[in-house]
Amino acid sequence: MKPERVVAVAFAVSIMASMGLVGVYVSGGQAQAEGALLGTALGGLGVGLAVWSVGLLPSRTRSEEREPLSSDDALVDRAEDDLHPSDITRRKALVRLMAGAGGTLAGALAIPALSLGPRPGQDLFTTPWTAGARLVDPEGAPLRPGDLVLDSVTTVYPEGHVGSPDAQTLLIKVDVQDLEMPEDRIAWAPDGCIGYSKICTHAGCPVGLYRAKAHELLCPCHQSTFDVLRGCSVTFGPADRPLPQLPISVDEEGFLIALGDFTEPVGPGFWNMTGGGG
Ligand code: FES
């Protein structure tokens with residue numbers, strides 16, 4: 001088969017595969033078929049370009065002595081004879097096919113951007129905790145400071161949001177005399193009940209272990225350790241910021257309530273990253 005024909009067929013196959021890829025995606029998607037079509041589209045484009053460069057472009061390097069710049073009539077006539085209009089037409093067609101193959105492939109590759117879903121908006125910055133929300137245990141029962149035993153830890157949620165992943169909070173009862181934090185933060189720990197986000201600031205694992213003797217919270221994923229008495233500052237491991245504290249108070253009925261949302265967004269830092277990662 002002539003190289004021109006091979007190039008044309010390869011580009012045409014690439015175009016059809018790209019269109020097929022769009023069709024499969026729009027009709028619900030099928031990972032294996034999409035992969036095969038993407039491979040065919042890229043392969044067709046690659047084969048077309050390779051055959052074009054090897055079979056259609058002149059490969060020999062020629063040089064000649066510089067001659068007088070103006071051509072005589074005989075030379076002009078010979079050049080005109082050498083120009084075959086069919087060559088130009090074929091090249092135009094191939095260029096158009098190549099542009100078509102590249103364009104449809106680019107279009108097909110842009111389609112997956114539709115799968116990115118809705119923008120998260122403020123969802124990553126806020127949790128269901130609001131001022132006045134009662135702290136409830138996993139069964140939904142509101143808690144009073146007296147319900148907690150010294151050195152115990154309980155997972156709590158805002159009333160009406162039991163199970164909320166963002167809002168899960170570790171409520172720990174410590175001796176308020178032991179707290180070494182700014183006064184305003186100590187005021188958020190009525191009767192020594194202090195709350196911190198349960199989501200590790202390293203990679204988002206639940207911080208599940210409490211070493212009461214050392215007053216340390218430990219993340220089992222990569223052993224980040226947080227000092228409960230000092231605002232959950234990091235004392236060991238890859239986490240690079242404290243667990244956000246939940247401001248807590250007591251309502252007129254004696255139940256523990258939140259004074260608002262956490263002091264910072266929960267989970268791994270993302271809003272203040274300048275590059276790299278932890
Ligand atoms: S997720 Fe907690 S230390 Fe890595």
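In helix 1, the buried residues are Val7, Ala10, Phe11, Ser14, Ile15, Ala17, Ser18, Leu21 and Val24. These positions belong to a predicted model. An α-helix has 3.6 residues a turn, so residues three or four places apart point the same way. Helix 2 has its own buried residues, namely Leu37, Ala41, Gly44, Leu45, Gly48 and Trp52.

| Helix | Number of residues | Expected span | Distance between end C-alpha atoms |
|---|---|---|---|
| Helix 1 (residues 3–26) | 24 residues | 34 Å | 35 Å |

For helix 1, the reach from the first C-alpha to the last is close to the expected value. Just after helix 1, Gly28 adopts a positive phi of about 120°.

How are the two helices placed relative to each other? Their axes come within 8 Å and cross at roughly 160°. Because angles over 145 degrees count as roughly antiparallel, helix 1 is roughly antiparallel to helix 2. The crossing of helix 1 past helix 2 is left-handed. Sorted by class, the contact between helix 1 and helix 2 contains 19 nonpolar, seven polar and two charged residues.

On the scale of the protein chain, the domain assignment gives domain 1 (3–57 + 88–114) and domain 2 (135–258). The centres of domain 1 and domain 2, taken over C-alpha atoms, are separated by 57 Å.

Technical notes. Residues numbered from 1 in each chain as written. Predicted model: local features only at pLDDT ≥ 70, side-chain atom pairs only at ≥ 80, totals over all residues. Buried ≥ 20, exposed ≤ 12 C-beta atoms within 10 Å, placed from the backbone. Helix = DSSP H or I, 4+ residues; strand = E, 2+ residues; numbered from the N terminus. Domains from an automatic or database assignment. Axes fitted to C-alpha atoms, helices over the stretch in contact; angles between N-to-C directions. Parallel < 35°, antiparallel > 145°, perpendicular 65-115°, else oblique. Left-handed = near helix turned anticlockwise from the far one by under 90°. Nonpolar A, V, L, I, M, F, W, Y, C, P; charged D, E, K, R; others polar. Expected span 1.5 Å × (residues − 1).
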